[in-house]
Amino acid sequence: MMRKKYWVVAGVLLALLASGGAAFAHGGGHDGAAASAEAEEGAMAVTVDGHLVPGQASLSKDLSELYLPARSVAEALGATVKWDAEHGALLIDTPDLPDMSGHGHTPNHGPVVVYKGQMLAPSLEPKMMNGTLMVSADTIAEAFGVQVKFDANSNRVLVTTPEAAAQFAGEEQQVKDALGGVGMKPVIAADGARSSP
């Protein structure tokens, strides 16, 4: 009886771990029908703390350039985003475009990203793709202090905040403990019969 319950508990915990999103991500994800449709068609989906976000990532053939949809990812990370069409600037947590004359930016220079009043200087220039401003993974990682990695097995780009990474690590250890029987003490009834809690 105890072994059967043990395997049921282990199976449930494994299912939670495998689901990813429900296991370690809480809060404001963007799980829309459009995002789901893109993932079903085999596009390179993007997740933020396990939640699928609208849009898709772009990875160069030599794997050297990884671009993400700036607005979707920034909004999923809790930022306020607006597009300044006149100056070709994406404003993230920036109410108004600051004076960028010292940066040599002109509207014809190409799109720029301004985060908390500071123009970002990424190693890869932002670019427009199908009407969506795309920024390099490094830009997102440095601005928001998140981890960005491409998972070839799922063909997804995973954006993970430090809080979600810590939560996932804790839950992963709990699953390992449960699978190893750690903390699972049998209950002994008055008649001496044993059963799991």
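**Rings, helix, strands**

Modeller: Starting with a charge over a ring: Lys127 sits over the face of Tyr67, 4.2 Å from the ring centre. Bear in mind that this is a predicted model.

Biologist: How many aromatic pairs does a search of the whole structure find?

Modeller: One aromatic pair turns up in the whole structure. Tyr115 and Phe144 form it, with 4.9 Å centre to centre and 55° between the planes, which counts as tilted. The partners come from distant parts of the chain: Tyr115 is in strand S7, Phe144 in helix H5, and 29 residues separate them.

Biologist: Tyr115 and Phe144, buried or exposed?

Modeller: Both Tyr115 and Phe144 are buried.

Biologist: Stay on the helix. Which residues of H5 are buried?

Modeller: H5 covers residues 137–144, and its buried residues are Ala137, Thr139, Ile140, Ala143 and Phe144. Looking down the axis of H5, the buried residues fall within an arc of 165°, so they line one face of the helix.

Biologist: What covers the buried residues of H5?

Modeller: The cover includes helix H4 (70–76) and strands S4 (66–69), S6 (89–92), S7 (112–115), S10 (132–136) and S11 (147–151).

Biologist: Take Ile140. What is it in contact with, leaving aside neighbours within four places in sequence?

Modeller: Ile140 is in contact with Leu68, Val73, Leu77, Val135, Gly145, Val146 and Val148. Gly145 follows H5 and has a positive phi, near 65°.

Biologist: Which residues have the most contacts inside the largest nonpolar core?

Modeller: That core has 27 residues, and those with the most contacts inside it are Val46, Leu68, Ile92, Ile140, Phe144, Val148 and Val157. Elements giving two or more residues to this core are S1, S4, H4, S6, S7, S10, H5 and S12.

Biologist: Which strands do bridges join to S1?

Modeller: S12 (residues 156–160) runs parallel to S1, with four bridges between them. Thr47 has Leu158 as its bridge partner in S12. S2 (residues 51–53) runs antiparallel to S1, with three bridges. There, Val46 has Val53 as its bridge partner.

Biologist: And the turn of the S1–S2 hairpin, what is in it?

Modeller: Two residues lie between S1 and S2, and Asp49 in the turn has a positive phi of about 50°.

Conventions:
Residues numbered from 1 in each chain as written. Predicted model: local features only at pLDDT ≥ 70, side-chain atom pairs only at ≥ 80, totals over all residues. Heavy atoms only, no water. Buried < 20%, exposed > 50% of the residue type's maximum accessible area, 1.4 Å probe, protein only. Arc of directions from axis to C-beta. Contact = heavy atoms within 4.5 Å. Pairing = 2+ DSSP bridges. Core = buried A, V, L, I, M, F, W, Y, C linked by side-chain atoms within 4.5 Å. Phe/Tyr/Trp six-rings, centres within 6.5 Å; stacked < 30°, edge-to-face > 60°. Lys NZ or Arg CZ within 6 Å of the ring centre and 35° of its normal.
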